[in-house]
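Take a look at the sequence and the 3D structure below. The paragraphs after it lead you through the structure step by step.

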Amino acid sequence: MSEHKRRERTIFWMALRSLLVVLAVEMLLMVGSLVAGGVIQTLNSNSRDILAKQVENRGSYLTNSMALNWSNLSGIADKINDCTQKYLAAEGMTPEDLGREGGSVPLINGICQDLIDTMYNKQVSGIFVLISTQPDTAETMQGIYLRDLDPTSMPSDLHADILVERAPVSVVRAGYLATDTGWQPVFSAADSKEQPFFFKPYQAAVEGNGKLSAEACGYWTTETYSLSGDNREAISYSRPLILPDGTVYGVLGIEVLSDYLRTLLPCEELLEKTTALTC
């Protein structure tokens, strides 16, 4: 290698080393200024504030859904009470007759479509009605429990997305509804009087002696539950069904599956934001 080329190469490496030293010094000064100026702490604080606000917004959304939409069952409750009064008058029956075997089947048939419409409109995963005037002595209970596993999808005109968890055979056949694997024609004690979603609002109305409104007796379950023969967990809101004379004859409620609730509060997004924070 010639002396000239050797000299050029030496000058190149000297210049490169000088540039690297200057770059390293600038980086150290920049990091120092960021640390000294509290920029990193401010960025972390802003990230935490954004995360907290997002959690707050989602909590507000869920609260509004629970209080203003899901638990607002006055419209469908009025329809059911009206249908019950007309049914009892037409058949010459008393409210106590509703709890007898087959006594409430025509009534359940009559309100089935209204229940489906309500479930679609409120975008909940389930809706149910249990009927009884003497639950303490009843071994089983008549009623209906419908479920939609994908409440946010477009409703099916033929109700192909509806599964029947509990309902009399005639109701299933009349509505051409598909039964779930755990379907039963009546509610067992484990699915009715032993469940808080039934006895809490029902007992509150009975003890109120007609002085409490159905809304005042409404009850949100504080723990998840599963129906017999089914492993899907859910929470629910229910309220008593009360005739104008004060007779408590059942419970109306909506269900929100735990899996559906998780889709409304996607924890994965919050987890990504949390792991991005630095100490």
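What follows covers a surface patch, a loop, aromatic rings, cysteines and salt bridges.

This is a predicted model, in which local features need pLDDT of at least 70, side-chain atom pairs count only at pLDDT 80 or more, and totals for chains, interfaces and linings use all residues. Residues are numbered from 1 along each chain as its sequence is written, and side-chain values use heavy atoms, with hydrogens and water left out.

Start at the surface. Leu20, Leu23 and Met27 make up a nonpolar patch there, with about 310 Å² of accessible area together. Patch members have over 30% relative accessible area and no salt bridge; like charges are joined within 9 Å, and nonpolar side chains (Val, Leu, Ile, Met, Phe, Trp, Tyr) within 5 Å. Areas come from the Shrake-Rupley method with a 1.4 Å probe, and for residues only the protein chains shown count as cover. Met27 belongs to helix 1, residues 3-36. Helices (H or I, at least four residues) and strands (E, at least two) are DSSP runs, numbered from the N terminus.

Now move to the loop between helix 3 (74-91) and helix 4 (105-122), where Asp97 sits. Asp97 counts as buried because its relative accessibility is 13%. Buried means under 20% relative accessible area, exposed over 50%, and partly exposed in between (1.4 Å probe, protein chains only). Arg100 is exposed, at 52%. The two form a salt bridge: the closest N and O atoms of Arg100 and Asp97 are 2.4 Å apart. A salt bridge is a side-chain nitrogen of Lys or Arg within 4 Å of a carboxyl oxygen of Asp or Glu.

Turn next to the aromatic rings. A ring pair is described by the distance of the centres and the angle of the planes. Rings of Phe, Tyr and Trp (its six-membered ring) pair if their centres lie within 6.5 Å; planes under 30 degrees apart count as stacked, over 60 as edge-to-face and the rest as tilted. By this rule there are six aromatic pairs. One of them is the tilted pair of Phe128 and Phe197, at 5.1 Å centre to centre and 55° between the planes. Phe128 lies in strand 1 (residues 126-131) and Phe197 in helix 6 (residues 196-208), so the pair ties together parts 69 residues apart in sequence. Phe128 is buried at 0% relative accessible area, and Phe197 is buried at 1%.

Tyr145 and Phe187 form a tilted pair, with 6.4 Å between centres and 45° between planes. Tyr145 is in strand 2 (residues 140-148) and Phe187 in strand 5 (residues 187-188), 42 residues apart. Tyr145 is buried at 0%, and Phe187 is buried at 0%. Ring pairs join Phe128, Tyr145, Phe187, Phe197 and Tyr225 into a cluster.

What about the cysteines? A disulfide is a pair of cysteine sulfur atoms within 2.5 Å, and the count is zero. Cys83 is partly exposed, at 27%. Cys112 is buried, at 8%.

Finish with charge. The structure holds twelve salt bridges. Among them, Arg147 meets Glu255 at 2.5 Å, N to O. Arg147 lies in strand 2 and Glu255 in strand 8 (residues 248-257), 108 residues apart. Both are buried. Asp191 and Arg166 also meet in a salt bridge, at 2.5 Å, N to O. Asp191 is in the loop between strand 5 and helix 6 and Arg166 in strand 3 (residues 162-166), so this pair ties together parts 25 residues apart in sequence. Asp191 and Arg166 are buried. Salt bridges with shared partners join Arg147, Glu165, Asp180, Asp230, Arg232 and Glu255 into one network.
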